[in-house]
Amino acid sequence: VQLQASGGGLVQAGGSLRLSCAASGSIIGINAMGWYRQAPGKQRDMVATITSGGFTSYADSVKGRFTISRDNAKNTVYLQMNSLKPEDTATYYCYTRRFATDYWGQGTLVTVSS
């Protein structure tokens with residue numbers, strides 16, 4: 001499974017960005033897709049996940065500001081990020097799980113200026 005993420009960039013606090021991640025390759029059997037993020041010097045943490053059936057889960061720090069969605073026909077997951085804060089600055093990694101194996105994208109940098 002290959003994951004190609006896009007949509008990161010520089011935005012001012014209060015602004016919005018939309019991340020996209022397309023899965024390709026051996027995609028049959030993919031269930032959960034989602035996003036994790038890692039700030040410099042910190043561990044990688046879950047941001048949001050969504051199952052193939054549409055069940056979503058969010059980190060408390062992004063609830064009400066971020067929305068994860070998924071297009072199963074395109075094998076693509078999206079993360080709409082609104083009301084961005086400087087503490088959202090991190091490298092965002094796309095994630096998927098297929099038959100108990102985790103796969104990661106290359107990461108896309110999101111920088112929120114104050």
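Q: Which residue forms a salt bridge with arginine 97?
A: This is a predicted model. Arginine 97 has a relative accessible area of 38% and is partly exposed. Its closest contact of N and O atoms in the salt bridge is 2.6 Å, and the partner is aspartate 102.

Q: Is aspartate 102 buried, partly exposed or exposed?
A: Buried requires under 20% relative accessible area and exposed requires over 50%. Aspartate 102 has 34% relative accessibility, so the residue counts as partly exposed.

Q: Is aspartate 60 buried or exposed?
A: The threshold for exposed is over 50% relative accessible area. Aspartate 60 is at 65% relative accessibility, and therefore it counts as exposed.

Q: How many residues apart in sequence are the parts tied together by aspartate 88 and arginine 37?
A: The side chains of aspartate 88 and arginine 37 meet in a salt bridge, at 2.9 Å from N to O. Aspartate 88 is in the loop between strand 8 and strand 9, whereas arginine 37 is in strand 4, so the pair ties together parts whose separation in sequence is 51 residues.

Q: Are aspartate 88 and arginine 37 buried or exposed?
A: The limit for buried is under 20% relative accessible area. Aspartate 88 has 1% relative accessibility and so falls in that class. Arginine 37, with a relative accessible area of 14%, is also buried.

Q: Which residues are linked in a network of salt bridges?
A: The salt bridge of aspartate 88 with arginine 37 has an N to O distance of 2.9 Å. The network of salt bridges that holds these two residues links Arg37, Asp88 and Arg65.

Q: Which cysteines form a disulfide?
A: A disulfide needs two cysteine sulfur atoms within 2.5 Å. By this rule there is 1 disulfide. Its sulfur atoms are 2.0 Å apart, and they belong to cysteine 21 and cysteine 94.

Q: How many residues apart are cysteine 21 and cysteine 94?
A: The disulfide joins cysteine 21 to cysteine 94. The pair links distant parts of the chain, with cysteine 21 in strand 3 (residues 17–24) and cysteine 94 in strand 9 (residues 90–98), at a separation of 73 residues.

Q: What is the handedness of the link of cysteine 21 and cysteine 94?
A: Cysteine 21 is buried at 0% relative accessibility. Cysteine 94 is likewise buried at 0%. The angle about their S-S bond is -90°, and the link is left-handed.

Q: How many bridges join strand 4 to strand 5?
A: Strand 4 (residues 30–38) and strand 5 (residues 45–50) run antiparallel. In this pairing, methionine 33 has isoleucine 50 as its bridge partner. The two strands form a hairpin with 6 residues between them, and glycine 41 in the turn has a positive phi of about 80°. The number of bridges joining strand 4 to strand 5 is 5.

Q: How far apart in space are valine 47 and tyrosine 58, C-alpha to C-alpha?
A: Valine 47 belongs to strand 5 and is buried at 0% relative accessible area. Its contacts beyond four places in sequence include Trp35, Phe66, Leu79 and Tyr58. Valine 47 and tyrosine 58 are 11 residues apart in sequence, and their C-alpha distance is 5.8 Å.

How values were computed: Residues numbered from 1 in each chain as written. Predicted model: local features only at pLDDT ≥ 70, side-chain atom pairs only at ≥ 80, totals over all residues. Heavy atoms only, no water. Helix = DSSP H or I, 4+ residues; strand = E, 2+ residues; numbered from the N terminus. Buried < 20%, exposed > 50% of the residue type's maximum accessible area, 1.4 Å probe, protein only. Pairing = 2+ DSSP bridges. Contact = heavy atoms within 4.5 Å. Salt bridge = Lys/Arg side-chain N within 4 Å of Asp/Glu carboxyl O.
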